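Look at the structure, then try each question before reading on.

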Amino acid sequence: ASLTLGSLVLTPEFDADTVTYTTTTTNATNTVTATAVDADATIAITVGATSVTNGQAATWEIGENILTVTVTSGSETKTYTVTVTKS
């Protein structure tokens, strides 16, 4: 239903049917929040190989950071990828 990274603007704007996004930041961290349409779905968030708890801050390194959000509902799984570039 939604995916936000603090006040960062996703490109393109979030749409459940779009799975690849980009954004830029100068901040060291941003809060990552993902909300599934199905209340029983599970959400797994990683930055590179580091797990991030939904609603908590992710830490960005200088350059490109790959954020992955995997939503699982029953036997269905969908993965969203956001490339966060920190300058």
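Q: How do the residues of the lining of the largest pocket divide into nonpolar, polar and charged?
A: This is a predicted model. The largest pocket holds about 240 Å³ of space. Its lining has 19 residues, and among those closest to the centre are Ala1, Val37 and Tyr80. By class, the lining splits into twelve nonpolar, four polar and three charged residues.

Q: Which strand gives the largest share of the lining of the largest pocket?
A: Four strands each supply at least two lining residues: β1, β3, β7 and β8. The largest share is four residues, and the strand that gives it is β7.

Q: Are the rings of Phe14 and Tyr21 stacked or edge-to-face?
A: Two aromatic pairs turn up in the whole structure. In the pair of Phe14 and Tyr21, the ring centres are 5.8 Å apart and the planes meet at 25°. Planes under 30 degrees apart count as stacked. So this pair is stacked.

Q: Is Tyr21 buried or exposed?
A: Buried means under 20% relative accessible area. Phe14, at 21%, is partly exposed. Tyr21 has 1% relative accessibility, so Tyr21 is buried.

Q: How many residues apart in sequence are the parts that the pair of Phe14 and Tyr80 ties together?
A: Phe14 and Tyr80 form a tilted pair, 5.6 Å centre to centre with 55° between the planes. Phe14 sits in the loop between β1 and β2, while Tyr80 belongs to strand β8. The pair therefore ties together parts whose separation in sequence is 66 residues.

Definitions and conventions. Residues numbered from 1 in each chain as written. Predicted model: local features only at pLDDT ≥ 70, side-chain atom pairs only at ≥ 80, totals over all residues. Heavy atoms only, no water. 1 Å grid on protein atoms, 1.4 Å probe; cavity = no way out; pocket = protein on both sides within 12 Å on 5 of 7 lines; lining within 4 Å. Points joined across faces, edges and corners; volume = space filled by probe spheres on them. Nonpolar A, V, L, I, M, F, W, Y, C, P; charged D, E, K, R; others polar. Phe/Tyr/Trp six-rings, centres within 6.5 Å; stacked < 30°, edge-to-face > 60°. Buried < 20%, exposed > 50% of the residue type's maximum accessible area, 1.4 Å probe, protein only.
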